[in-house]
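I set out to record what I looked up in this structure, entry by entry. The notes follow the order in which I consulted the model.

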Amino acid sequence: MASTKVGSREWRRDGAVPQDDLDAIRDGVIAYGRQQAQGSDAEDIAVALYDGDELIAGASGRTEFQRLYVSYLWVDADHRGEGFGGDCLRQLEAMALKRG
């Protein structure tokens, strides 16, 4: 069951929740947490590997409190096992080190 109506309200589940709304939920949780933590220096971080215009690997997350938090790491199925995942992590680590 992807959704359930309760009066004028509706519970949506799994694929029935739009990506923009999932992003809003994530952003809201992060914003609230940062309000609670004094001195937050959070900054998004990302790296992506392309072959021409084709995205073949990437990773994203944030740096905060002198730490690297990796949220997502992805490698296209046709390029897995070639070391690109590790390369993405090393790229993020190098960028984070430059930030302190």
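**Entry 1. A glycine.** I began with G86, which I located in helix 2. The model is a predicted one, and I read every value below as computed from it.

Entry 2. I found an open sheet of three strands, ordered 3-4-5, with antiparallel pairing. Strand 3 and strand 5 (67–75) are the edge strands, each pairing on one side only. From one strand to the next, I noted an average twist of 15°. Helix 2 packs on this sheet and touches strand 3, strand 4 and strand 5. I recorded an angle of about 140° between the direction of helix 2 and that of strand 3.

**Entry 3. Strand pairings.** How many bridges link strand 3 and strand 4? I found nine, in the antiparallel sense, between residues 43–51 of strand 3 and residues 54–64 of strand 4. Within this pairing, I45 lies opposite G61 of strand 4. The hairpin of these two strands leaves two residues between them, and there G52 adopts a positive phi near 65°. For strand 4 and strand 5, also antiparallel, I noted eight bridges. A57 has V75 of strand 5 as its bridge partner.

**Entry 4. The core.** I then looked up the largest nonpolar core, which has ten residues. I listed its members as I45, V47, I56, A57, A59, V75, F84, C88, L92 and A96. Helix 2 contributes the most, with four residues. For F84, one of the core residues, I checked the contacts beyond its neighbours within four places in sequence. These are L49, I56, A57, V75 and H79.

**Entry 5. Rings.** Finally, I searched for aromatic pairs and found zero in the structure. I did find a charge over a ring: the charged end of R62 sits over the ring of Y69, at 4.2 Å from the ring centre.

Methods: Residues are numbered from 1 along each chain as its sequence is written. This is a predicted model: local features need pLDDT of at least 70, side-chain atom pairs count only at pLDDT 80 or more; totals for chains, interfaces and linings use all residues. Side-chain values use heavy atoms; hydrogens and water are left out. Rings of Phe, Tyr and Trp (its six-membered ring) pair if their centres lie within 6.5 Å; planes under 30 degrees apart count as stacked, over 60 as edge-to-face and the rest as tilted. A charge sits over a ring if NZ of Lys or CZ of Arg is within 6 Å of the ring centre and within 35 degrees of the ring normal. Two strands pair if DSSP finds at least two bridges between them. A nonpolar core is a set of buried Ala, Val, Leu, Ile, Met, Phe, Trp, Tyr and Cys residues joined through side-chain atoms within 4.5 Å. Buried means under 20% relative accessible area, exposed over 50%, partly exposed in between (1.4 Å probe, protein chains only). Contact means heavy atoms within 4.5 Å. Axes are lines fitted to C-alpha atoms, for helices over the stretch in contact, and angles run from 0 to 180 degrees between N-to-C directions.
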